[in-house]
Amino acid sequence: MADTYTPPVVGTGIKASIQRLGGHLAGMIMPNIGAFIAWGLITALFIPTGWVPNEMFAKLVGPIITTLLPILIGYTGGRMVHGQRGAVVGAVATIGVVVGADIPMFLGAMIIGPLAAFVLKYVDKFTEERTKAGFEMLVDNFTAGIVGGAMALLGAWGIGPIVRVVTTTAGDAVEWLITRDLLPIASVLIEPAKVLFLNNAVNHGVLGPLGVVQAKEAGKSILFMLESNPGPGLGLLLAYLFFGPRQLRPSTPAAIIIHFFGGIHEIYFPYVLMKPRLILATILGGAAGVFTFLITGAGLVATPSPGSIFAYLAVTPKGGWFGVILGILIAAGVSFLAAAVLLGFGRGEKPEETQDQPEAPAVVETADESATRTQGA
């Protein structure tokens with residue numbers, strides 16, 4: 001399944017291993033991109049700060065991102081390893097990490113889903129030669145149930161606390177950079193944390209409270225813009241639109257609309273996970289945007305929620321639009337150029353209509369045909 005979204009990887013070096021990892025991540029995320037888009041549309045439309053707020057429909061937002069999407073990822077990862085049985089066990093194991101943490105557990109699902117299927121695969125190898133005829137279904141069902149239940153307990157007990165530690169550490173590191181006036185460097189931590197779906201923890205847990213204190217004193221704060229800048233994600237998606245794998249390009253216009261105009265940044269995270277090296281593009285774009293905000297003295301009066309261009313303009317102080325818009329545009333431009341370079345400007349993507357065309361057979365001229373043509377001349 002991973003090969004559907006990334007080219008086959010050959011070799012055994014570090015680069016090949018990273019490429020294989022990216023392929024497996026893509027294989028878990030990209031088949032479910034439709035579910036991400038559905039969640040993004042519901043969120044952009046119906047949350048209290050959305051286009052058409054609706055209290056009943058907004059109740060869908062939380063369960064989809066905290067439960068449905070991680071389970072889909074765990075299900076898909078398990079299926080990649082051990083077929084349908086692996087998919088079922090992967091989904092059961094994923095529910096353990098879902099209830100073991102209070103943040104979206106996409107990273108946990110990517111770990112526990114394939115791991116549970118891998119364990120079941122070896123359990124099946126052990127039992128298939130030791131199971132008497134007529135007991136196969138009974139043994140298969142019980143082994144799947146035991147492995148799935150055990151892995152769910154492991155997820156709730158082990159992976160959830162680990163992710164909480166990672167979240168706390170990332171927040172402390174970002175706060176350390178802020179207190180030492182190293183804001184552009186903060187993108188080195190913020191952008192990877194965002195892609196791992198820790199964006200809300202970093203923004204609302206660290207940057208938001210610090211920004212409120214700063215805004216009370218100065219009337220605005222740049223801290224509200226460090227994580228919520230839509231520029232880096234916009235540049236990345238535009239690079240995918242022009243230079244990404246051809247089978248993914250049709251999905252990027254909808255993702256751009258949801259991200260930039262709807263403010264749902266999570267929609268571009270799977271595109272980075274598919275090719276992890278592209279995190280460099282978002283880091284460079286984020287740092288360029290923060291540097292622009294610094295030199296222009298830009299700031300917001302509150303956290304833009306959601307992080308769309310419209311929300312940004314709504315919380316921009318009077319007369320401060322130039323620096324805000326410039327920072328977003330520069331972040332998008334730098335991210336686009338860096339991602340385009342990392343994607344090789346699409347050089348590896350052959351035109352669809354010529355990919356499967358066989359080469360024209362060479363014309364072999366016989367001796368008699370050659371002689372006849374020579375005499376005629």
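What follows is a short chat about aromatic rings in a predicted model.

Local features here need pLDDT of at least 70, side-chain atom pairs count only at pLDDT 80 or more, and totals for chains, interfaces and linings use all residues. Residues are numbered from 1 along each chain as its sequence is written, and side-chain values use heavy atoms, with hydrogens and water left out.

Student: How many aromatic pairs does a search of the whole structure find?
Tutor: Rings of Phe, Tyr and Trp (its six-membered ring) pair if their centres lie within 6.5 Å. Run that over the whole structure and the count of aromatic pairs is 10.

Student: What kind of pair do Phe-242 and Phe-336 form?
Tutor: Planes under 30 degrees apart count as stacked, over 60 as edge-to-face and the rest as tilted. The centres of Phe-242 and Phe-336 are 6.3 Å apart and the planes sit at 85°, so the pair is edge-to-face.

Student: How many residues apart in sequence are the parts that this pair ties together?
Tutor: Helices are DSSP runs (H or I, at least four residues), numbered from the N terminus. Phe-242 belongs to helix α8 (residues 231–243) and Phe-336 to helix α13 (residues 321–342), so the parts tied together are apart in sequence by 94 residues.

Student: Which residue has the charged end that sits over the ring of Phe-126?
Tutor: The rule wants NZ of Lys or CZ of Arg within 6 Å of the ring centre and within 35 degrees of the ring normal. At 4.0 Å from the centre of the Phe-126 ring, the charged end belongs to Arg-130.

Conventions: Helices (H or I, at least four residues) and strands (E, at least two) are DSSP runs, numbered from the N terminus.
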